Amino acid sequence: MHVGETTVLEKVRRGTHPARHVTLIDPAKQSPETAAQRAMLAVESGSRMVFVGGSTDTPDKIVHATCEAIQEAFELRMFAASQDPAGDESQWDVPVVLFPGGAHALSPAADAITFMMLMNSTKREFLVGEQIRGAPYLAKFGVEALPTGYVVCAPGGRVGEVGAAELIQSTDVDLVHAYALCAKMYGFSLLYLEAGSGASSPVHTDLIKKAREVEGLTLIVGGGLRTSSDVEAAVKAGADWVVTGTVTEDAASMDELRSRLQSLVGACSSN
Ligand code: 1GP
């Protein structure tokens with residue numbers, strides 16, 4: 001969906017108080033139709049962005065079908081809201097953003113992509129290699145790139161292993177500060193502190209606080225955030241956006257999903 005006249009980056013950076021919630025949808029984990037239902041429920045529950053990505057080996061076709069299904073669902077809901085005097089069209093003005101594991105999981109149906117450098121990777125592939133492969137495709141299809149420094153913190157999970165990351169430990173506050181400064185000097189707008197999907201513990205709040213000291217970066221925190229108190233702690237430490245995937249993926253029903261999302265989203269504005 002094309003989100004008005006502003007760029008996705010402007011929307012992501014705008015008014016970071018209260019913090020906002022991102023729902024991560026992994027296209028490998030459900031059909032495109034179910035993904036669209038989950039995304040609609042996420043927006044109804046107050047989530048303000050959808051990330052599509054996660055698994056490392058999902059074919060382009062599945063990623064694309066998932067983005068398309070979500071976009072179509074949002075467009076229909078936006079149209080329905082425009083026909084309803086009590087409706088709020090802007091509720092459905094929610095960016096659908098690729099969150100790729102590499103140059104293979106792309107789709108022209110997305111509004112934007114977290115165009116990431118995995119800054120603490122020891123492999124060229126994740127620093128710039130996949131990006132070089134993906135950039136011409138993104139330019140051709142006009143998918144907006146959100147310049148993102150991506151830093152994997154302990155415990156790091158699969159992304160830490162696959163990405164060959166030198167994990168930032170909870171006490172490495174000077175190091176995370178240096179990464180944040182470096183991200184700013186490179187001109188990245190976003191800094192994403194990642195603990196790994198399904199991590200046993202989220203990014204340590206001392207790391208979030210220290211990264212927050214660098215002005216001008218929009219701070220995204222994800223990985224292992226399960227409860228509203230996890231979210232509250234991340235937001236209090238300075239996160240502008242919190243991302244959850246697993247906790248919503250493994251909900252047993254749509255009702256359970258709604259109640260989980262409402263509690264996570266509610267925790268974003270509790271500070
Ligand atoms: C993963 O940060 C995201 O990249 C979400 O992590 O699945 O643990 O919520 P979870």
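**Cavities and ligand site**

The structure holds two cavities of 30 Å³ or more. A cavity is a set of points, on a 1 Å grid over the protein atoms alone, where a 1.4 Å probe fits but cannot get out. Grid points are joined across faces, edges and corners, and a volume is the space filled by probe spheres set on the points. The model is predicted: local features need pLDDT of at least 70, side-chain atom pairs count only at pLDDT 80 or more, and totals for chains, interfaces and linings use all residues. Residues are numbered from 1 along each chain as its sequence is written, and side-chain values use heavy atoms, with hydrogens and water left out.

**Largest cavity**

- The largest cavity contains about 60 Å³ of space.
- Its lining (residues with an atom within 4 Å of a point) consists of T23, L24, I25, Q30, R38, G245, T248, E249, L257 and L261.
- Two or more lining residues come from each of β1 (20-25), α9 (246-249) and α10 (254-268); helices (H or I, at least four residues) and strands (E, at least two) are DSSP runs, numbered from the N terminus.
- β1 contributes the most to this lining, with three residues.
- By class, the lining has four nonpolar, four polar and two charged residues, where Ala, Val, Leu, Ile, Met, Phe, Trp, Tyr, Cys and Pro count as nonpolar, Asp, Glu, Lys and Arg as charged, and the others, Gly among them, as polar.

**Second largest cavity**

- About 30 Å³ of space lies within the second largest cavity.
- The residues that line the second largest cavity are P27, V52, G53, G54, S55, T58, V63, F99, P100, G101 and A105.
- Six of these lining residues are nonpolar and five are polar, with no charged residue.

**Ligand site**

- The ligand takes up the space of the largest pocket, a pocket being an open set of points with protein on both sides within 12 Å along at least five of seven lines; a molecule sits in a pocket if more than half of its atoms lie within 2 Å of its grid points.
- The ligand is surrounded by 13 residues, of which the closest are E194, S197, G198, G245 and T246; a residue counts if one of its heavy atoms lies within 4 Å.
- This shell comprises three nonpolar, nine polar and one charged residue.
- A backbone N or O atom of G224 lies 2.8 Å from an oxygen atom of the ligand.
- On its own the ligand has 300 Å² of accessible area (Shrake-Rupley method, 1.4 Å probe), of which the protein covers 96%.

Conventions. A polar contact is a pair of N or O atoms within 3.5 Å; within protein, one must be able to donate a hydrogen and the other to accept it, and residues adjacent in sequence count only if both atoms are side-chain atoms.
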